[in-house]
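Colleague: Could you walk me through this one? I'd like to hear about pockets and aromatic rings.
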Amino acid sequence: MKKLLTLLFLLCSLSASAGSPLYKIKVKNAAGKEVKMKSFKGKVLLIVNTATKCGFTPQYEELEALYEKYRAAGLEILDFPCNQFGAQAPGTIEEIQQFCTGNYGITFPQFDKIDVNGPAESPLFKFLKKEKGFGGFDQNDRRGKFMHEMMLKNDPDYQNSPDIKWNFTKFLVDRKGRVVRRFEPTDSMEEVKKAVEQLTE
């Protein structure tokens, strides 16, 4: 019995030390260099797929304000440009960076362009979608209703898929690497701010 308890204790210890699967993932930064997600261990993360020619692109301004306010408290915003939705992130990563710094003065990290759905999807977004599937658009919101109707025309079953639906979908990750919230692009940035505030207190 004593040996069994010791074995169980060791297994629990190993499991705890392994940490979140998030920290085993690798991504590429804007320079094409590999970045290990474990380098963000202990941080609160807001991971976003972005585009420069989208109706939601002005959210960059609110994201930067959020970053400036909570960075010292441990927030990191990770920006992954994606051209899968209406081809609204055209150009090279260098051109995208110039646009974002020139128009919105962003200072949070931007990464290489990726796919968030499909056969070439990023392992990071595959993990995020597995942890937090699609929760629906707020149809009391004008933009949410528009997005719902647009998606419904293309795929009547769209709500049952965890796939990213559009640009500026956001995943909030706590300091232990757990995905705690998913925000659709139509969710208010005030709601995002409140959730970030709770994790950085």
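Modeller: Happy to. For residue classes, Ala, Val, Leu, Ile, Met, Phe, Trp, Tyr, Cys and Pro count as nonpolar, Asp, Glu, Lys and Arg as charged, and the others, Gly among them, as polar. This is a predicted model, where local features need pLDDT of at least 70 and side-chain atom pairs 80 or more, while totals for chains, interfaces and linings use all residues. Residues are numbered from 1 along each chain as its sequence is written, and side-chain values use heavy atoms, without hydrogens and water.

Colleague: So which classes make up the lining of the largest pocket?
Modeller: Five nonpolar, one polar and five charged residues line the largest pocket. A pocket here is an open set of points on a 1 Å grid over the protein atoms alone, where a 1.4 Å probe fits, with protein on both sides within 12 Å along at least five of seven lines; lining residues have an atom within 4 Å of a point. Among the lining residues are Lys26, Phe80, Asp112 and Ser122.

Colleague: Switching to rings, how many aromatic pairs are there?
Modeller: The whole structure has twelve. Rings of Phe, Tyr and Trp (its six-membered ring) pair if their centres lie within 6.5 Å; planes under 30 degrees apart are stacked, over 60 edge-to-face and the rest tilted. Phe80 and Phe125 have ring centres 5.9 Å apart and planes at 80 degrees, so the pair is edge-to-face.

Colleague: Are those two buried or exposed?
Modeller: Phe80 and Phe125 are both buried, meaning under 20% relative accessible area with a 1.4 Å probe, protein chains only (exposed is over 50%, partly exposed in between).
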